[in-house]
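Good morning, colleagues. Today I shall speak about aromatic side chains and their neighbours. Please look at the sequence and the structure first.

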Amino acid sequence: MSPSEPSLRLLIVGGYGVFGGRLVELLADEERLTILVAGRSLEKAQLFCASRIGKASLVAAAFDRDGSLAPQLEVLEPDIVVDASGPFQAYGSAPYRLVEAAITHGADYLDFSDGAAFVRGISRYDAAAKERGVTALSGVSSFPVLTAAVVQHLTRDGVRLTAIRAGIAPSPHAVVGENVIRAISSYAGQAVRVRRNGQAALAHPLTETMRYTIAPPGRLPLPNTLFSLMEVPDLQLLADARPETATVWVGAGPRPEILHRALIGLSLLVRAKLLPSLLPLAPLLYHANRILRWGAHRGGMFVEIEGHGQGGARVRRSWHLNAEGDDGPYIPSMAIEALIRKRLAGERSKPGARPATGALSLADYYQVFSGRTFVHGTRDETALAGRPLYQRVLGEAYDALPPSLRAMHALGDGVLRVRGRACVERGKGCWRVLSPGSLASRPKPTTFPSPSPSRRKARASSGSAISAAGASQACRCRARAARQGWSRSASVRSASGSPSWSRTKNCIWWCATGTSSACPCLASWRPAATASRARKTAASTSKSRSSTRCWG
């Protein structure tokens, strides 16, 4: 390990943009950094620097990547150049001008490129970078750095891959830069190279879809999300790094879904040659993305692999990440953050020019994830095959449950009987009135089948009534039910013998004790031994009215 750097001058081209600005915020606590926030507009750079507070020194600078680059770099004297401008798919006939200038100047180079051709093409400068003793890495973002790190983690025991699938589902409230929309519009519906069934093939981004649920073990999952194929470096770089992989599929699941489906429809027109490109529609799509925002402020990512273990057994594993609130949009900038922090600590990447695949490990990511509202975990569907349903749902989080709960779900071939009081929490849906009744009308021990036909468990009440609203709470009626005047009547029964709804003159009872036994409406739902006690209790308490209404 080389000695730690006393200080670094970091030039961020597009530093006041979406990705560049987030990188500045991530590194603002590092006092050894002088961050040159650069772009075509010096005024915007100055306003950005004035609005940020941190230990790092922020310096606004004017920088034109289309102008003469060498004189600009000589004035700014950066140790590291970061290209956060883009779109990299539209850099024209000389896309690597900034790479060449940075290598000639003797500065390391990093970029956020999401263009597969641009990222793969940087390898042509490998010899020049090694000669100057600098590092030039392209595609230093979630795709392909994080996906490659996760694939390495999931295959650490020697799994031979057959398929890789990955996707990112950004929060619907995340700010997306105009250059990102332009990049997507440039390749939507166009033919791109992919790996399918072990062969090179052509696919059309945003016209191939799949649905997937991002669900870290033991955590609240994201809603089942529609993902569309995207043109990202992973489609070719992961296939290059793991040549045994037959299929690579990487997509994105933007929300709201109605906007996503509209984009899919336009991409199908491009694929059918009815439209030449969506690039002229990029401004319209950008404004639509800024206006159409609803849904939970949550995002996520998944990486799933399939293959065969050392013994030839089929393996299927997946890694899931959920990001709450405003933290998720920072993930694409965290790869460059991690590399810069490692250099400040004395860990410098070896010289050369290459794609950033393999530049970081998952452990490096976990270090920069700390302190953020991220939850992540791994699911091994092969290892959980044949296990109880609850264990398959919770995944690795199942091991953190108390032993008593794990014992209830790890059933044998016999019958497990459990006695005690059951609390039923009412939901908020329109069926909440009916579902408690279906539970409370089972006073006798009832056997419920488990997922395996040979396994089952029986749950029995201990003779106490199972209240429709919980064992320790009074059942409460809604105001609407009170206005309608409906109650549960034990004297009117349907043809099947179960109590039915009837209209009565005095249907609302008032509970004073705060217990479910004070509600006479539940008398028809209770065992005979407890029904008379309920009526006696209700008779003694009905004169003392409280604000809790009961509805059978």
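Let me begin with a term: a residue is called buried when its relative accessible area is under 20%, and exposed when that area is over 50%, with partly exposed in between. Please bear in mind that this is a predicted model.

By that cut-off Phe 112 is buried, because its relative accessibility is 9%. Phe 19, at 24%, counts as partly exposed.

How many aromatic pairs does a search of the whole structure find? The search gives 11. Phe 19 and Phe 112 form a pair that is stacked, since their ring centres are 5.6 Å apart and their planes meet at 20 degrees. Where do the two residues lie? Phe 19 belongs to helix 1, residues 18-27, while Phe 112 is in the loop between strand 5 (108-111) and helix 5 (116-121); the pair therefore ties together parts that are 93 residues apart in sequence.

The pair of Tyr 365 and Phe 369 is tilted, with 5.6 Å from centre to centre and 50 degrees between the planes. Both residues lie in helix 13 (residues 362-369), four residues apart, which is about one turn of the helix. Tyr 365 is buried at a relative accessible area of 1%, and Phe 369 is buried at 3%.

I turn next to a cluster. Phe 88, Tyr 91, Tyr 96, Phe 118 and Tyr 125 form one aromatic cluster. Over the ring of Tyr 91 sits the charged end of Arg 65, 3.8 Å from the ring centre. Elsewhere, the charged end of Arg 372 sits over the ring of Tyr 330, 5.2 Å from its centre.

Conventions:
Residues are numbered from 1 along each chain as its sequence is written. This is a predicted model: local features need pLDDT of at least 70, side-chain atom pairs count only at pLDDT 80 or more; totals for chains, interfaces and linings use all residues. Side-chain values use heavy atoms; hydrogens and water are left out. Rings of Phe, Tyr and Trp (its six-membered ring) pair if their centres lie within 6.5 Å; planes under 30 degrees apart count as stacked, over 60 as edge-to-face and the rest as tilted. Buried means under 20% relative accessible area, exposed over 50%, partly exposed in between (1.4 Å probe, protein chains only). A charge sits over a ring if NZ of Lys or CZ of Arg is within 6 Å of the ring centre and within 35 degrees of the ring normal.
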